[in-house]
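Me: Hey, I'm new to this one and would like a quick walk through it. Can we take it piece by piece?

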Amino acid sequence: MTRTALLAAAVAATTALAPTAARAWEPQTLAGVAERAALGSSLHRRLTEAFGRPLGLYEPLTLQVPKGDPLVERFAAVDPEGGDAPERGKQTALGWLTAGVILEGVPADRGRNHFFDPSTLLGLRVGTTPFRARMAAVGQGVGTVRGVFTGANFDGSGRAAPAWVLAPRSENEWGLARFLDERERAATAVTPAERDDALGRALLAAGAIVRVLASMGDPAHVRNDFTVAYEDERDPLGRYALARWGRFGVPEPGTLPRPAPARLEELFHDDAGRGLADRTAWRFFSPGTLPPDATVPAVKRTDVDYVGNAEVRHLAAVTVGGATGRDRRYRLDARCHADYAERLLPEIGAYVVAALEHLFRGRLEATVSEGELHVVARDVALGAGTLTILGDDSEGKRTRLRAVEIASAKVGAELAKLGAPRGARRVAVVFRGVDAAGAPIVVTDELALARPASE
Amino acid sequence: MLLTVCAGGCAPLVAEAPFPARPDTVQPGDLLGPFDGRVLDAATGKPIAGAIVWVSWGFEVGRGLSAPAGAVTKSVETDSDGRYVIPRLAETPDDQRRVARFTLVVYKRGYTAYRSDRRFEDISPRRDFSQTMNLVKLDRFPVGASHVRHVRFVGGSGPLKVALAPEIMQASLELTEAAALGSEGGDKGGRDEAPRALLDATPLLSVDELRAATGYTGELTVDRLGDLPRSSTYDSKHFRATGKPESYDAAVRVWKLPTAKMAESRYVRLVAELPGAEVRDELGDKSVRAKEGRLLGVAVLDRERAAVLQLSCGADLCRDHDQAVALLRRILPRVDRLGLSTTTTPTEEEAPSKEKEPAEEEPSPSKDDQQFRLRPPELRR
């Protein structure tokens, strides 16, 4: 037997025994949730007003993706049936957002970082040997032979989802850091094509972020239930939702059951238990975290009954009876899945809306009056940061005109007042720093000048 | 278990088709195809030629819990008898990828699209799709229904996306209107959406006034320009000189937007699309003059009214730009009078004619229209 054949046999043998990467709700469901959330958010208006994109969410944006870039292969993985697949690097703003949702699951082992147990504050940890898990990843086509030995393949563990979103770009290239960088570049890059590219990538990152957040609305993802929910039962809740609603019919976002948080990570978890992970973990079971089977006295029926509460009528199916007539077994059946999905998907949508509002929060108002450019902070009070003022020439080439250090600014405060840029056809203003709550923020505005201000 | 180790190559891994092989059997179809069927107008029963039939085979990788792994798409058009044939998938996936799903979309402008997996009306799963002898009955797209919702429903890529481009523009306008009304998002998912109120540009300019201003004595018919759909923020009037070339025509476009900033954004886009635009700022807050062949154009931004107006006038109707500017100056204050209307005029949104192509909801531009507009708005900045 050759070495290759031996390896193939080993892979085949371990495939059935060890876990693979997980993806929470089906990608189409999550793309549908994100799409509806974006349509229900103020993102369209913000793109129209602050980014100077007349078509808002339907503005076409082209990414400059060179041959050989890993993004090329990742784009090719997207099934275009939902309209998410970029074509020759082109997609609408909304399409980039939903493509980001899908690409956060490509390659599949990114999903290892989509778990978070709010009771331990840990990410995924599966009780299997890392080597066996990495071998299984090869067999399932979601890892490489090289990854078995380098440790790059999925090994049954992952970073906690909030930490993954906040990780530096060297660890997660599509997290919050990337979003902020690209959002800034979308206003500061020299050429219109570069700014389109940056805005598209910012939306890809936003899609990736909301995908991770949406995973917190899957009980298995917040109860460290990989083995039973995904390995044994192959995500019955996710399959139920896909079959019932597909991508197109996902329920619209509900009402956020908490005040809008100051920080993105608070949408995942906070000390008051108001994060999506907290609420999901404490209100729902996953297949592998149901109450243990038990023997209870004086129960003689053998039919299926349900335990539930005012919010979730079918929280778990319980079969009583068995040989002694006193066994009690819990499981999740189709009625449970229906109740879970009907409760969870609108709530996930509400959290995704809140995440998009958080990512795109704040407003700068740039106006020209009596030959002077005024920049005023709107909507959100700002902390320390830098305000950069840029001007476009007649071909849209953008150059930096001035930078102003800001210590803090209340809503309505004037950040800068200066002579209207000479010769500029358009002015862009960008603040990058933190808001008054200390959370990182990028805010931009653009103002078209009909003719050179010097004339 | 989906995976096996194959020494000499394996047959492609294919999920079970969720549809039957034919309408008259319960035998499951083959996800790989081939597929065939016929597309008919639901109201008339007549075949629909030229409908786009777009299909996608989606691949996945991984066992149970998996990731998207690409797709193969194909697009054909129905023939004169409304028939389509999609050949069997030739490029079967390699090694560990499997064919996870098949999706078929039928799209014809003016009709509600058809998907093999779900119904538009009530979002329920579709149960009547079959691999062969499939019958597709397309309903006319309801007047006032949400284009945001329809664009979401259609999805797709390639020729399908190209055909959908005008609806994408309408979807954008819908969202802008929704934002203005404070109801963020134009897609509430409902099936019984009330018709939206539409902007009515009629008070801006009458035939008599155009005649008086230009001295033209010939017959003028009034229609709407067909390149952009009427909406609650946009309307147009096309004064067409009967029996004369387009250089005797005139047209007015008006955008009445929720905010001055939106109007400014619209104006900037319009100026970018106008050929040979020359900044004059002689009207409103900003204005330009433009010229293409024997067509003169003037566009103006009025921030206070959050409005953008464009007047196009043939050189045989308006003697020069000054006359066009004077006319636009005269009608600009009338933007205050513009109202919204839920009534539709027979020329644009009436019940479908049995003889015509389904262009009532959004008429396709005639050849004259295509020439007359100073440059078609494109789906790009």
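Me: Let's start with V352(A). Which residues does V352(A) touch, leaving out those up to four places away in sequence?

Reply: This is a predicted model, to begin with. In it, V352(A) touches V33(A), A34(A) and A37(A), and also V210(A), L213(A), A214(A) and P253(A), with residues up to four places away in sequence not counted.

Me: And which residues have the most contacts inside the largest nonpolar core?

Reply: V352(A) is one of them, along with I209(A), L213(A), A355(A), L356(A) and L328(B). That core has 215 residues. Helix α15(A) gives the most to it, with 14 residues.

Me: OK, what about α15(A) and α13(A), at what angle do they pack?

Reply: About 75°, and their axes are 9 Å apart. α13(A) covers residues 236-245 and α15(A) covers 334-359. The angle makes α13(A) roughly perpendicular to α15(A), because anything from 65 to 115 degrees counts that way.

Me: Which residues meet there?

Reply: From α13(A) you get P236(A), L237(A), Y240(A), A241(A) and R244(A). On the α15(A) side they meet A334(A), H337(A), Y340(A), A341(A) and L345(A). By class, the contact has 8 nonpolar, 1 polar and 1 charged residues.

Me: Switching to chain B. How many residues of helix α1(B) are buried?

Reply: 8 of its 8, so to speak a mostly covered helix, spanning residues 147-154. The buried residues include H147(B), R149(B), R152(B) and F153(B).

Me: What do the buried residues of α1(B) pack against?

Reply: Pieces of both chains: α2 (27-39) of chain A, plus β6 (98-107), β7 (114-115) and α2 (159-180) of chain B. Just after α1(B), G155(B) takes a positive phi of about 60°.

Me: Now the sheets. In what order do the 7 strands of the open sheet in chain B come?

Reply: The order is β10-β11-β12-β16-β15-β14-β13, and the pairing is antiparallel. β10 (220-223) and β13 (278-279) of chain B stand at the edges with a single partner strand each, so one side of each has no neighbour in the sheet. Helix α4(B), residues 260-273, packs on the sheet and touches β12, β14, β15 and β16 of chain B. The direction of α4(B) makes about 30° with that of β16(B).

Me: Let's zoom in on β16(B). Which residues are buried on each of its faces?

Reply: A307(B), L309(B), L311(B) and C313(B) are buried on one side, with V308(B), Q310(B), S312(B) and G314(B) buried on the other. In a regular strand, side chains alternate between the two faces of the sheet.

Me: How many bridges does β16(B) have with β12(B)?

Reply: 7, in the antiparallel sense. One example is R253(B), whose bridge partner in β16(B) is Q310(B). With β15(B), β16(B) pairs over 8 bridges, also antiparallel. There V300(B) has L309(B) as its bridge partner.

Me: How many residues sit between the strands in the hairpin of β15(B) and β16(B)?

Reply: There are 4, and A306(B) in this hairpin takes a positive phi near 50°.

Me: Last one: what order does the open sheet of 3 strands have?

Reply: β5-β2-β8 in chain B, with mixed pairing. The edge strands β5 (83-86) and β8 (134-138) of chain B each pair on one side only. The twist averages 25° from one strand to the next. β2(B) and β8(B) run parallel, joined by 5 bridges, and D41(B) stands opposite L138(B) in β8(B).

Notes. Residues are numbered from 1 along each chain as its sequence is written. Chains are lettered from A and ligands numbered from 1 in the order in which they are written. This is a predicted model: local features need pLDDT of at least 70, side-chain atom pairs count only at pLDDT 80 or more; totals for chains, interfaces and linings use all residues. Axes are lines fitted to C-alpha atoms, for helices over the stretch in contact, and angles run from 0 to 180 degrees between N-to-C directions. Helices (H or I, at least four residues) and strands (E, at least two) are DSSP runs, numbered from the N terminus. Angles under 35 degrees count as roughly parallel, over 145 as roughly antiparallel, 65 to 115 as roughly perpendicular and the rest as oblique. Two residues are in contact if their C-beta atoms, placed from the backbone, lie within 7 Å. Ala, Val, Leu, Ile, Met, Phe, Trp, Tyr, Cys and Pro count as nonpolar, Asp, Glu, Lys and Arg as charged, and the others, Gly among them, as polar. A nonpolar core is a set of buried Ala, Val, Leu, Ile, Met, Phe, Trp, Tyr and Cys residues joined through C-beta atoms within 7 Å. A residue is buried if 20 or more other C-beta atoms lie within 10 Å of its own, exposed if 12 or fewer, and partly exposed in between; C-beta atoms are placed from the backbone. Two strands pair if DSSP finds at least two bridges between them.
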